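Work through the exercises below with the sequence and the model at hand. Each task is followed by its solution in steps.

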Amino acid sequence: MATLTEAPPPLTPTAPEKKPPRKRGRLVPYWLLLPGILWLVVFFALPMIYQASTSVQTGSLEEGYKVTWHFATYWDALSDYYPQFLRSVLYAGSATILCLVLGYPLAYLIAFRAGRWRNLIMILVIAPFFTSFLIRTLAWKTILADGGPVVGALNTLHVLDVTSWLGMTEGDRVLATPLAVVCGLTYNFLPFMVLPLYSSLERIDPRLHEAANDLYARPSTTFRKVTFPLSMPGVVSGTLLTFIPAAGDYVNADLLGSTDTRMVGNVIQTQFLRILDYPTAAALSFILMAAILVMVTLYIRRSGTEDLV
């Protein structure tokens, strides 16, 4: 008598075993980072180490400098040149505020109202970069010259009376005053404010504005509750890109200012290239970097914008 046997279970395809990634494949990202790391080491880390060692040296150019760990150079530099430090923060902060006031409406126009003229306006914003920084600054000596149309208009409107009261100008002159330095800083660094603002505003979904209009929000309310909060990453990025280089700038104060408007960048340049006091110049550089780092850290934490990237 024949016996029935159970049919064998159906064969199920088995997934091929995954081979562990090769060691060479795991190292690919690090090889890609190697050129950037080498660039930072050669052109940033090594010069910083050299400047740090220079700041604690003593001696002279004729006899040579030796590392004696003379940290009193930092205190001497700060006590001798603290007015220039305060002036740099004041001028850079004023220029940053002016750039924000002027740049935000321009970035808003490009992002939401420019239409087919957007590319043309962007080219006009970037066009000054095709001219030398020095030539652009020298042009402001002509713009703000005594007896020129700009100074004449400011006199007619009695604007210079207000700026003289604030200590920004002297009489009927604008050149060789703090106002001229701030104007030069504002003009030269305005694109650094406009471009991050535009990038941030351009990413805002227009449907959010439509939703605000559907909820009968006024344009001012829409700007205050929707547009400006969403553009805060651009505001923070723009203010940092403007304030940091403006605080260390020396060209505008040298060409548009006077001895009473010298910034810490002018002092560092003089110590390095004219007086040849390298330890003091290096100490001033590190004090400036440390002060900017502290201010930037506090500003970012205060603004509450973690998504800057």
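**Exercise 1. Describe the chain as a whole.**

Step 1. The accessible surface of the chain is about 20200 Å², and carbon and sulfur atoms account for 67% of that surface.

Step 2. The model is predicted: local features need pLDDT of at least 70, side-chain atom pairs count only at pLDDT 80 or more, and totals for chains, interfaces and linings use all residues. Residues are numbered from 1 along each chain as its sequence is written, and side-chain values use heavy atoms, with hydrogens and water left out.

Step 3. Of the 309 residues in the chain, 34% are buried (under 20% relative accessible area; exposed is over 50%, partly exposed in between, with a 1.4 Å probe and protein chains only).

Step 4. There are 14 helices and two strands, taken as DSSP runs numbered from the N terminus (helices: H or I, at least four residues; strands: E, at least two).

Step 5. Take the contacts (heavy atoms within 4.5 Å) between residues at least 6 apart in sequence: 68% of them join residues at least 24 apart.

**Exercise 2. Find which residues of helix 5 are buried, and what covers them.**

Step 1. Helix 5 spans residues 133-143, and its buried residues are R136, T137 and W140. These residues lie on the same side of helix 5 because they cover an arc of only 95° around the axis, the arc being that of the directions from the helix axis to the C-beta atoms.

Step 2. Their cover includes helix 8 (178-202) and helix 12 (251-256).

Step 3. At the N-terminal end, S132 caps helix 5, with a side-chain oxygen 3.2 Å from the backbone nitrogen of L134.

**Exercise 3. Locate T242 and T177, and state whether each is buried or exposed.**

Step 1. T242 belongs to helix 11 (residues 232-247). T242 counts as buried because its relative accessibility is 0%.

Step 2. A polar atom of the T242 side chain lies 2.8 Å from the backbone oxygen of G238. Leaving aside residues up to four places away in sequence, T242 touches T96, C99, F189, F192 and M193.

Step 3. T177 sits in the loop between helix 7 (159-166) and helix 8. With 1% relative accessibility, T177 also counts as buried.

Step 4. The T177 side chain reaches the backbone oxygen of V174 at 2.2 Å. Beyond residues up to four places away in sequence, T177 touches M168, T169, E170, L256 and T261.

Note on methods
A polar contact is a pair of N or O atoms within 3.5 Å; within protein, one must be able to donate a hydrogen and the other to accept it, and residues adjacent in sequence count only if both atoms are side-chain atoms. Accessible areas come from the Shrake-Rupley method with a 1.4 Å probe; for residues, only the protein chains shown count as cover.
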